[in-house]
Amino acid sequence: TTTTLEEGGAGTESETGTTVPGAGLVGVTSIAKKTNHATKSSSSSSSDHTATATLTCQPSSSSTHFDRVVFLDVDGVLRTSRVMTGCPMEEGEAVFNEEGMYGLEVRCIEQLSRVVEATGALIVLSSTWRTMEDMKAHLLRSLEKVGGARLGRAVVDDTPDIEPNRRGEEIVKWLEAHSPRRAGGGDDSSREQKEGEFRFAIFEDSEQLIMSMRECGLSEHVLQCVTSSDPLEEGITSTLADRAIKILTRTS
């Protein structure tokens, strides 16, 4: 059994195994100002990994047009507590790495795939898994295995790595760098239209990290995954996926 500290919480890995409004990017400037007041934390999580990645997501470029984005956490979102604690699971309920560890629930990946299919959203990794090549490769393989090539290709970028527990600021930094105003061409009116159409949703489970997002003005975009006595209520559920679709497709 390997115990790791991930995403601001402790997890044990078994070897065996309603409508929420979505705001446009016009609020990024005000959001950025709020990051100056975000609380810094010195606590960090770490894990040793030695495997070499065989898959990587395609890095975004200045020509990539982002109008709908899902910021994706992994632990507590795709990797639920029942997987972390080694609860018995039926064959095919989770996808594990080559060592039979770090399982990701198929049910949750399928709900993420439904969001991408319904909205055309691209995925930006905000999870600490983005900083570990072997974990990231396992994630990408799992997404493609369950959701097909389209879901695998939807992962196009990572948020910048500032420091632990400042995920809200990391997301804001990414938003500032990929603003349609910066990426788009044409006159001011066309840029404003592109900016107004931009939508994003954030899948996260950690209350501590969600607090950093609140401090950065991102609350209305957050879809919090919870730990529950009902395993079907953990991670990305159909209800959370429905809410994400509403956020990403809401018109002004």
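**Burial, strand pairing, ring pairs and salt bridges**

Q: Phe71 and Trp174: buried or exposed?
A: Phe71 is buried, and so is Trp174. Buried means under 20% relative accessible area, exposed over 50% and partly exposed in between, with a 1.4 Å probe and protein chains only. The model is predicted: local features need pLDDT of at least 70 and side-chain atom pairs count only at pLDDT 80 or more, while totals for chains, interfaces and linings use all residues. Residues are numbered from 1 along each chain as its sequence is written, and side-chain values use heavy atoms, with hydrogens and water left out.

Q: Why is the pair of Phe71 and Trp174 called edge-to-face?
A: The search of the whole structure finds five aromatic pairs. Rings of Phe, Tyr and Trp (its six-membered ring) pair if their centres lie within 6.5 Å; planes under 30 degrees apart count as stacked, over 60 as edge-to-face and the rest as tilted. For Phe71 and Trp174 the centres are 5.4 Å apart and the planes at 85°, so the pair is edge-to-face. Phe71 lies in strand E3 and Trp174 in helix H5, so the pair ties together parts 103 residues apart in sequence. Helices (H or I, at least four residues) and strands (E, at least two) are DSSP runs, numbered from the N terminus.

Q: What makes Phe71 and Phe200 an edge-to-face pair?
A: Their ring centres are 5.9 Å apart and the planes stand at 85°, so the pair is edge-to-face. Phe200 lies in strand E8, so this pair joins parts of the chain 129 residues apart. Both Phe71 and Phe200 are buried. One aromatic cluster is formed by Phe66, Phe71, Trp174, Phe198 and Phe200.

Q: How do you know that strand E8 is largely enclosed by the rest of the structure?
A: Six of the six residues of E8 (residues 199-204) are buried, so the strand is largely enclosed. Arg199, Ala201 and Phe203 point one way and Phe200, Ile202 and Glu204 the other way, and all are buried.

Q: What makes E3 and E8 paired strands?
A: Two strands pair if DSSP finds at least two bridges between them. Five bridges join E3 (residues 68-72) to E8, and the strands run parallel. Phe71 stands opposite Ile202. E8 also pairs in the parallel sense with E9 (residues 222-224), over three bridges, where Val222 is the bridge partner of Ile202. From E8 the chain crosses through helix H8 (residues 207-215) to E9 in a right-handed β-α-β crossover; with the strands pointing away from the viewer, the path from the first strand over the helix to the second runs clockwise.

Q: Why is the contact between Glu117 and Arg150 called a salt bridge?
A: A salt bridge is a side-chain nitrogen of Lys or Arg within 4 Å of a carboxyl oxygen of Asp or Glu. The closest N and O atoms of Glu117 and Arg150 are 3.3 Å apart, which makes a salt bridge. Glu117 lies in helix H3 (residues 106-119) and Arg150 in helix H4 (residues 133-154), so the pair ties together parts 33 residues apart. By this rule the count comes to 15 salt bridges.
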